[in-house]
Amino acid sequence: MILLANIVYQFLLNLMRIASVFVAFEPKQSSKFLRGLYGRKDAYRRLREWGENSRNPDIPTFWIHVSSAGELLQARTVAHCLRKRMGDIQIVLTFFSSSAQKPATTFPSDINTYLPWDLSWDMADLLEILRPAAILFTQREVWPNLNWQAKIRGIPTILVAATLPKYSKKLRWPWCVYANLTIAQVNAIAAVSKNDGKRFERSGFDNDLIKVTGDPAVDAVHERCNYSNERGPNLDLGSFEDSLIVAGSTWGADEEILLSALVEIRSVRPETKMIIVPHEVFPRNIQRLTKRCIDRGLDVSQFSSLSRETKNIGDVLVVDQMGILPDLYTFSAISYVGGGFSNKGLHSVLEPVAAGRPVLFGPNYKNSLAACRLLEMGVARVVLNAEMITQVVTEHFSDSTVLLKVSRNALGYIDANRGATDKTVDLVCNVLETFNR
């Protein structure tokens, strides 16, 4: 059964690799799928050449793999801590989704690229060349052949920032079979919570090798927020803080209700402004969002067209570049995080919370541990439509004591959950010590 599954798996990967040959140029505005195909064409060669020509065999190498841009936040702080704790090391970063391609360029790694096709012979070859001291997967992104080939060579694999939501399909048939064949084979799991640890145990993992370390992303957003307060975006937004809503990582469904709500809110509080940062800042998405604003009679501007001296951002500021969303949250009075109206699920709520801001999001949030806890603390609110957004925003804007209480609770959540990065690196060091005895 296992052999048959692997044969089918590798056959499908080979078909994908053949398909990638026909993507001759890097797609700029197309789907993540096509961009991933193009990016993976060169990944194996890049890693091999770095290993043969640039890798220092006298310095330990760590291979860190993430799924997408979201996991980079967790992996980044772990990578920094590894360098601080272990001194001179080399880091290889691979990622699966094209959303991580640009953010990966600022990752503290010696090389970054897409994960090559997870074929047994390719992964075996790369491991022989790179000879990593350990491989760190994030959340639940474990690739079977890379993991198995590492196991054959005595290279420890560790799942960090490990989370397995209650409603994850990996707990149900037939996906649970995949989980048993992949996640259950790693050498240690650094789980973000006790409940996540229990669910990994249900997936067949030895409980003795599961350690609850917390979420490294909390440390990352805390550090980033402090840095943002000193630097900030290249735009003076201070005069709008008391009436500014910042909506990040939005999709079309989020934007529809946000703009409808803004029209209603401005009819009562005309000074209210909104900044919207789409999850994908492709030109077509920016154009679509701009048109939606105009159709509702809203004055709209785009971030790239403004200067620091700009005093008027319009009713809606559409952000058409990546990397500044955490900075923008620090200027908001209320935040909104997208994804809660899509099957993809809610994006990270930690960045606005680290800025001490109340956060709103849609109903599809249950796979986010932080979102569930923040709801219990009164820091977050679920909104189902434009009317609910209007009601919640109006309540918050009309009572400064509510905003102050929420801000204190938000910062309290961050303070209470810091320290996960050190605990995660402690686990990595313990695993290495065990393997090196």
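Which residues form a nonpolar patch on the surface, and what accessible area do they have together? Select Val8, Phe11, Leu12, Leu15, Ile18, Val21 and Phe22: these residues make up the patch, and together they have about 740 Å² of accessible area. Patches are made of residues with over 30% relative accessible area and no salt bridge, with like charges joined within 9 Å and nonpolar side chains (Val, Leu, Ile, Met, Phe, Trp, Tyr) within 5 Å. Accessible areas come from the Shrake-Rupley method with a 1.4 Å probe, and for residues only the protein chains shown count as cover.

The model is predicted: local features need pLDDT of at least 70 and side-chain atom pairs count only at pLDDT 80 or more, while totals for chains, interfaces and linings use all residues. Residues are numbered from 1 along each chain as its sequence is written, and side-chain values use heavy atoms, with hydrogens and water left out.

**Stop 1**

Helices (H or I, at least four residues) and strands (E, at least two) are DSSP runs, numbered from the N terminus. Valine 21 has a relative accessible area of 57% and is therefore exposed; the classes are buried (under 20% relative accessible area), exposed (over 50%) and partly exposed (in between), with a 1.4 Å probe and protein chains only.

Next, select tryptophan 117, in the loop between β3 (111-114) and α5 (120-130). Its relative accessible area is 9%, so tryptophan 117 is buried. Leaving out residues up to four places away in sequence, tryptophan 117 touches Leu13, Met16, Arg17, Ser20, Leu37, Arg40, Asp122 and Met123, where contact means heavy atoms within 4.5 Å. Asparagine 14 is 103 residues from tryptophan 117 in sequence, yet their C-alpha atoms are 8.0 Å apart in space.

**Stop 2: positive phi angles**

Most residues other than glycine have a negative phi. Glutamine 139 is not a glycine, but has a positive phi of about 60°. Glutamine 139 lies in the loop between β4 (134-138) and α6, and is counted as buried because its relative accessibility is 16%. Alanine 161, also not a glycine, has a positive phi of about 50°; alanine 161 is in strand β5 (residues 157-162) and is buried at 1% relative accessible area. Just after α6, glycine 154 takes a positive phi of about 75°. In helix α6 itself (residues 144-152), the buried residues are Pro144, Asn145, Leu146, Asn147, Gln149 and Ala150.

**Stop 3: the largest nonpolar core**

A nonpolar core is a set of buried Ala, Val, Leu, Ile, Met, Phe, Trp, Tyr and Cys residues joined through side-chain atoms within 4.5 Å. The largest one has 39 residues, and those with the most contacts inside it are Ile275, Val349, Leu350, Val353, Phe361 and Ile414. Elements that give two or more residues to this core include α9 (216-231), β9 (273-278), α13 (350-354) and α16 (400-416). Helix α9 supplies the largest share, five residues. Select valine 353 to see its contacts with Val359, Leu374, Val379, Ala410, Leu411, Tyr413 and Ile414, not counting residues up to four places away in sequence.

**Stop 4: serine 301**

Serine 301 lies in strand β10 (residues 300-302) and is buried at 14% relative accessibility. A polar atom of its side chain lies 2.6 Å from the backbone oxygen of isoleucine 313.

**Stop 5: salt bridges**

A salt bridge is a side-chain nitrogen of Lys or Arg within 4 Å of a carboxyl oxygen of Asp or Glu. By this rule the count comes to 21 salt bridges. Select arginine 85 and aspartate 426, whose closest N and O atoms are 2.8 Å apart in a salt bridge. This pair links distant parts of the chain, with arginine 85 in helix α4 (residues 69-86) and aspartate 426 in helix α17 (residues 420-435), 341 residues apart.

Finally, display Glu255, Glu256, Arg288, Arg292 and Arg296, which are linked in a network of salt bridges. Glutamate 255 and arginine 288 meet at 3.0 Å, N to O, and join helix α10 (residues 252-268) to helix α11 (residues 283-295). Glutamate 255 is buried at 0% relative accessibility, whereas arginine 288 is partly exposed at 31%. Arginine 292 forms a salt bridge with glutamate 256, with the closest N and O atoms 3.0 Å apart. Arginine 292 lies in helix α11 and glutamate 256 in helix α10, so the pair ties together parts 36 residues apart in sequence.

Definitions and conventions. Polar contact = N/O pair within 3.5 Å; in protein donor to acceptor, adjacent residues only side chain to side chain.
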